[in-house]
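This explanation leads the reader through a single protein chain, from its overall make-up to individual residues. Please keep the sequence and the structure in view while reading.

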Amino acid sequence: MTTPEGVTQSKSMMEVSHRLSWVARRSPGTWAAVVTVVAVLLAMGQRLVSGWAVSIVAMLFGTGALVLIWHGLRVRQANQLPARPPTPSRRVAELDFSVPEPARRVPVLADFCTICGRALSNPASRLARVGSECVKVHGPRPLSVLNPAYGEWVVSKRVAEAEAAAKQRSLDRQHDQALLLHTRDVRRWELSLETPEMVRRRLVRIEGQRLAGAGLTLTAGIAAAQLLGS
Ligand SMILES: [Zn+2]
């Protein structure tokens, strides 16, 4: 004997069993897809309805590629954050002096042999300051003096070095000034990142990263579903 209550119970049991059979009819691939979509939505949080839509469309196409493209577009926008002002680099003054160093001393050529006084014409003898006969007995007697060109060279080099040092001091002052301005610019830049629009963009960047993770999960889910289904 069945009571009206029993009939109701049996009807609801049938309904449950009918629903279970509906669940059972779904392929493993469909369930993997549903689970993946849920994972995507959880990963994205509650911020982006458009992100959800893209994920679902990606699901329909059976690929995570759209999610990745979406991620790319979002990150591209997020990357339009103002760049940090570049740190000024210290410049080094170059020494403006390229004259080769001349010899410190130069030989004094002799017109006459220092031993016998005979006139000399051979360049080697003039350098030795002794004639070809006398050199066999007495050996050479060369003489050298300080090269005036060397002294001039030393003076010009010191002048160039002093100019470079002055230029370096000037560059260093400019650099110090630039560093002060840089500190100010960085502070302004930091403040500019605190505006609502920039805060939003930074959140988008974080979301983009989450979305990329979700896209990978999606792709992995689909790959798994295809393996199970095959
Ligand atoms: Zn001689």
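The protein chain has an average pLDDT of 79, and 64% of its residues score at least 70; pLDDT is the predictor's confidence in each residue, from 0 to 100. This is a predicted model, in which local features need pLDDT of at least 70, side-chain atom pairs count only at pLDDT 80 or more, and totals for chains, interfaces and linings use all residues. Residues are numbered from 1 along each chain as its sequence is written. Among the elements, helix 5 has the highest mean pLDDT, 96, whereas helix 3 (residues 49-61) has the lowest, 56. Where pLDDT is low, the predicted coordinates should not be read in detail.

The secondary structure consists of eight helices and two strands. Helices (H or I, at least four residues) and strands (E, at least two) are DSSP runs, numbered from the N terminus. Read from that end, the elements follow the order α-α-α-α-β-α-α-β-α-α.

Of the 230 residues in the chain, 14% are buried. A residue is buried if 20 or more other C-beta atoms lie within 10 Å of its own, exposed if 12 or fewer, and partly exposed in between, with C-beta atoms placed from the backbone. Among contacts between residues at least 6 apart in sequence, 70% join residues at least 24 apart; two residues are in contact if their C-beta atoms, placed from the backbone, lie within 7 Å.

The largest nonpolar core has five residues, namely Cys113, Leu120, Ala128, Val130 and Cys134. Such a core is a set of buried Ala, Val, Leu, Ile, Met, Phe, Trp, Tyr and Cys residues joined through C-beta atoms within 7 Å. Leaving aside residues up to four places away in sequence, cysteine 113 touches Arg118, Leu120, Val130, Gly131 and Cys134.

Arginine 129 is found in the loop between helix 5 (123-128) and helix 6 (134-138). It counts as buried because it has 22 C-beta neighbours inside 10 Å. Its phi is near 65°, a positive value in a residue other than glycine. Most residues other than glycine have a negative phi.

Valine 106 belongs to strand 1 (residues 105-107). Because valine 106 has 14 C-beta neighbours inside 10 Å, it counts as partly exposed. Apart from residues up to four places away in sequence, valine 106 touches Ser144, Val145 and Asn147. Between valine 106 and asparagine 147, 41 residues apart in sequence, the C-alpha to C-alpha distance is 5.4 Å.

Helix 7 (residues 148-192) has 45 residues and reaches 65 Å from its first C-alpha to its last, close to the 66 Å expected at 1.5 Å a residue; the expected span is 1.5 Å times one less than the number of residues. The number of buried residues in helix 7 is zero, so this helix lies largely in the open.
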